Amino acid sequence: MHYLDHAATTPVPRAVAEEMARVLTEDFGNPSSQYALGRAARDLVDRSRQTIANALGCEAKQLYFTSCGTEADNWALRAALHQNRRTGRHIITTAVEHSAVLQCAKALEQEGYEITYLKPDRSGRVTAAQVAGTLREDTALVSVMLVNNETGARFPVEEIAALLRDKPALLHTDAVQGFLKVPFSAKTLGADFISLSAHKIGGPKGIGALCAVGRAKPPRPMLYGGGQEAGLRPGTEPTAQIAGFAKAVELRQEHLEETVSHMSACRDYAWERLRAVEGLVFVGEADAPHILSVSLPGYPSQNIVSDLGEKGICISAGSACHRGKASHVLTAMGLDKKTAAGTVRVSFGPETTREDIDALADALLEHKTRRFPML
Ligand code: PLP
């Protein structure tokens, strides 16, 4: 198999799986229990939170575990709007956010919020000037992602934060695709809410985190129950998931420079190999080291993905979340129909090899030779 879809999810390194298995079978206590096994579990959760907070550049008490990145995004939006409920009901976001933000924004629109969706340019980028141009007195929240999951474009969150410094609007950034991929720290980023997810960096699925820093107050709960996560996100802590998240962060951090430069080298090598396929075009701006988006105009991406899938090559047609629908990101970028419909996303991780990329390039070339353009 040639797995080239690390932006969809990543394999869990053995060391992470072993740590999780140890927690599930040995240190399996409930962190709220008052005997030694429970105290060990509490200790494990505290240490894990500290590890992730250190990697993000925030304090442990500013980091709340969630069930995934989607939950962190939803929670951040709701929490910021609650905190700024007296500021107004205007929200600025981009038309290329992950659906975890976009669908939440749609729901908020139905509840009476007014949303401005910033359109990217042809390269997929959004500027701080666009935010400045749409900012109003009653803007309560700006939500702009750090790295786009389809194109790898990095957005100017620091500049947007500087712009909002003396304004009431709070800033959320979905950093799910940026964490441990592009350099940033919660301290220097300047966002008030930051969302993370473990399964994009070698951690397990089903665990994410919301960081509330800067001007953010402790987020208003979305759930009510026991006192876990400072009473703000109750529910017995998923200790194995949390330990796996922390172990994955530890591993990535230990080899950060090496991993990032390996992913960039893979992206550059893939581009070098793929550009030899006649008619293939580059889509967007691959600022992030792990994402490359390309299009074979006239060749529907669904066919490319399933053809390559039969050869054991895993890539995705735009975002894995779209399941066949036209990508809102490519549409917002103003790509013509043919180019948008032929776009595939290739993404890399520490495990990616040159053989994976060679297999991809050969298979794409073969696809192009065997299939007729359909659009
Ligand atoms: N935000 C971005 C940018 C993503 O790429 C993803 C996952 O693809 C998410 C949020 C959602 O994360 P999760 O799968 O943990 O809910």
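Is Asp 166 buried or exposed? At 66% relative accessibility, Asp 166 counts as exposed, since exposed means over 50% relative accessible area, buried means under 20%, and partly exposed lies in between (1.4 Å probe, protein chains only). Keep in mind that this is a predicted model, in which local features need pLDDT of at least 70 and side-chain atom pairs count only at pLDDT 80 or more, while totals for chains, interfaces and linings use all residues. Residues are numbered from 1 along each chain as its sequence is written, and side-chain values use heavy atoms, with hydrogens and water left out. Helices (H or I, at least four residues) and strands (E, at least two) are DSSP runs, numbered from the N terminus.

**A covered strand**

- Let's begin with strand S8, residues 208–212, where 5 of 5 residues are buried.
- In a regular strand, side chains alternate between the two faces of the sheet.
- On one side of S8 sit Gly 208, Leu 210 and Ala 212, on the other Ala 209 and Cys 211, and all of them are buried.
- Strand S2 (residues 63–66) pairs with S8 in the antiparallel sense over 4 bridges; two strands pair if DSSP finds at least two bridges between them.
- Tyr 64 has Leu 210 of S8 as its bridge partner.
- Strand S7 (residues 193–197) also runs antiparallel to S8, joined to it by 5 bridges.
- Phe 193 has Ala 212 of S8 as its bridge partner.

**The nonpolar cores**

- In soluble globular proteins, nonpolar side chains tend to be buried together.
- A nonpolar core here is a set of buried Ala, Val, Leu, Ile, Met, Phe, Trp, Tyr and Cys residues joined through side-chain atoms within 4.5 Å.
- The largest such core has 58 residues, and those with the most contacts inside it are Ile 52, Leu 56, Val 142, Phe 179, Ile 194, Leu 196 and Phe 245.
- Helix H2 (residues 36–56) gives this core its largest share, 5 residues.
- Ile 52 touches Leu 63, Phe 65, Phe 179, Leu 196, Phe 245, Ala 246 and Val 249, not counting residues up to four places away in sequence; contact means heavy atoms within 4.5 Å.
- A second, separate core has 24 residues, including Tyr 269, Ala 270, Val 344 and Ala 359.

- The buried residues of H4 include Ala 100, Val 101, Leu 102 and Cys 104.
- Among the elements that cover the buried residues of H4 are helix H3 (69–83), strand S3 (90–94) and strand S5 (139–143).
- Just after H4, Gly 112 takes a positive phi of about 110°.
- H13 has 17 residues and reaches 24 Å from its first C-alpha to its last, close to the 24 Å expected.
- Among the buried residues of H13 are Ile 357, Ala 359, Leu 360 and Leu 364.
- The buried residues of H13 pack against strand S1 (2–3), H9, H10, S11 and strand S12 (343–347).

**Salt bridges**

- The whole structure holds 23 salt bridges, each being a side-chain nitrogen of Lys or Arg within 4 Å of a carboxyl oxygen of Asp or Glu.
- Our opening residue, Asp 166, forms one with Lys 167, with the closest N and O atoms 3.7 Å apart.
- Lys 167 is partly exposed, with a relative accessible area of 37%.
- Arg 273 and Asp 358 meet in a salt bridge at 2.7 Å, N to O.
- This pair links distant parts of the chain, as Arg 273 in helix H9 (residues 256–274) and Asp 358 in helix H13 (residues 354–370) are 85 residues apart.
- The side chains of Glu 366 and Lys 311 also meet, at 3.5 Å, N to O.
- Glu 366 lies in H13 and Lys 311 in the loop between helix H10 (301–310) and strand S11 (313–314), so the pair ties together parts 55 residues apart in sequence.
- Through shared partners, salt bridges join Asp 307, Lys 311, Glu 366 and Arg 370 into one network.

**A buried glutamine**

- Gln 177 lies in the loop between S6 and helix H7 (186–189).
- Gln 177 is buried, with a relative accessible area of 4%.
- Its side chain reaches the backbone oxygen of Ala 7 at 2.9 Å.

Terms used:
Polar contact = N/O pair within 3.5 Å; in protein donor to acceptor, adjacent residues only side chain to side chain. Expected span 1.5 Å × (residues − 1).
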